[in-house]
Amino acid sequence: MVCLLLLGPPGAGKGTQGQLVASRLSIPPISTGDTFRAHVAAGTPLGLSARGYLEAGDLVPDAVTCAMLSERLTEPDTAAGFLLDGFPRTTAQAEALQGILAERGHELTRVIELQVGAAELVERLSARRVVIDGQSLQRSDDTPDTIRHRLEVYQRETVPLSDWYGSLGLLSRVDASGDVDEVTARILDSFSRNGAGVD
Ligand code: AMP
């Protein structure tokens, strides 16, 4: 059972690296951001209530986010493990995750924090394009003001988690600047160096 968590600011490459690392480990990548965007696009009740938060770059309330994640972790594809991208983002979410895992007799294998300098983050987010309905578009929350706000929210709400996971001896910090494949190799390397075999 491999329970992996990717921490890092918006633009650090959690989505890209999450997919690559999860595929290498044959576990599903679970992105709360992608799940919210899918609900918004489909116009579900969850999407309607989450939409305003996403557009503003604010966090969706913990209760909504934790309920969604907890439900996702009951799906059979998570039986051998999973990689979380974008969850937890607050102390309350981290505590909820410990509870969800403990209930199932699991524990976190490793938390990987992707580190990228502030200037590179803003540059990456401003240049980022995503494919929506076959079209290459800018995410509605990748505008300069919203990017600034998301980085502030990250500093305030999520940065304390890295110290917390560090104090539990679970954290590996990885330099996430530069070439995508090199970053993937660094992540897999830090993961296997900490006794959680990759192969
Ligand atoms: P991301 O794709 O991870 O950058 O997430 C995009 C947006 O989805 C965030 O700015 C939040 O509005 C929402 N979101 C994603 N994950 C969470 C989370 N764990 N807690 C609260 N809101 C979240």
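This briefing walks through the sheet, the helices packed on it, the ligand site and a few individual residues. The model is predicted, so local features need pLDDT of at least 70 and side-chain atom pairs count only at pLDDT 80 or more, while totals for chains, interfaces and linings use all residues. Residues are numbered from 1 along each chain as its sequence is written, and side-chain values use heavy atoms, with hydrogens and water left out.

- Two strands count as paired if DSSP finds at least two bridges between them.
- In general, strands of a sheet pair through backbone hydrogen bonds, either parallel or antiparallel.

**Strand β1 and its partners**

- β1 (residues 2–7) pairs with β4 (residues 110–115) in the parallel sense over 4 bridges.
- Along that pairing, leucine 6 sits opposite isoleucine 112, and leucine 4 sits opposite arginine 110.
- With β3, β1 makes a parallel pairing over 5 bridges, and here cysteine 3 stands opposite phenylalanine 82.
- 5 of the 6 residues of β1 are buried, so the strand is largely enclosed by the rest of the structure; buried means under 20% relative accessible area, exposed over 50%, and partly exposed in between (1.4 Å probe, protein chains only).

**The ligand site**

- There are 16 residues around the ligand, and Thr32, Arg37, Asp58, Gly86 and Gln93 come nearest; a residue is near a molecule or strand if one of its heavy atoms lies within 4 Å of it.
- For polar contacts (a pair of N or O atoms within 3.5 Å; within protein, one must be able to donate a hydrogen and the other to accept it, and residues adjacent in sequence count only if both atoms are side-chain atoms), start with arginine 37: an N or O atom in its side chain is 2.9 Å from an oxygen atom of the ligand.
- Valine 60 puts a polar backbone atom 3.0 Å from a nitrogen atom of the ligand.
- Glutamine 93 has a polar side-chain atom 2.9 Å from a nitrogen atom of the ligand.
- On its own the ligand has 480 Å² of accessible area, and the protein covers 96% of that; accessible areas come from the Shrake-Rupley method with a 1.4 Å probe, and for residues, only the protein chains shown count as cover.
- α2 (32–42) and α3 (45–56) each supply at least two residues of the shell around the ligand, and α2 gives the most, with 4 residues.

**Glutamine 17**

- Glutamine 17 sits in helix α1 and counts as buried, at 3% relative accessibility.
- Setting aside residues up to four places away in sequence, glutamine 17 touches Leu6, Ala22, Leu114, Val180, Val183, Thr184 and Ile187.
- A polar atom of the glutamine 17 side chain lies 3.0 Å from the backbone oxygen of valine 180.
- The side chains of glutamine 17 and threonine 184 are joined by a polar contact of 2.6 Å.

**Leucine 84**

- Leucine 84 belongs to strand β3 and is buried, at 0% relative accessibility.
- Apart from neighbours within four places in sequence, leucine 84 is in contact with Leu4, Leu5, Leu6, Ile30, Leu69 and Leu97.
- Leucine 84 and serine 31 are 53 residues apart along the chain, yet their C-alpha atoms are separated by 6.1 Å.

**Backbone details in the loops**

- Phenylalanine 87 and proline 88 are joined by a cis peptide bond, with omega about 0°; proline 88 is in the loop between β3 and α5 (91–103).
- Serine 26, in the loop between α1 and β2, has a phi near 55°, a positive value in a residue other than glycine.
- At 64% relative accessibility, serine 26 counts as exposed.

Terms used. Contact = heavy atoms within 4.5 Å.
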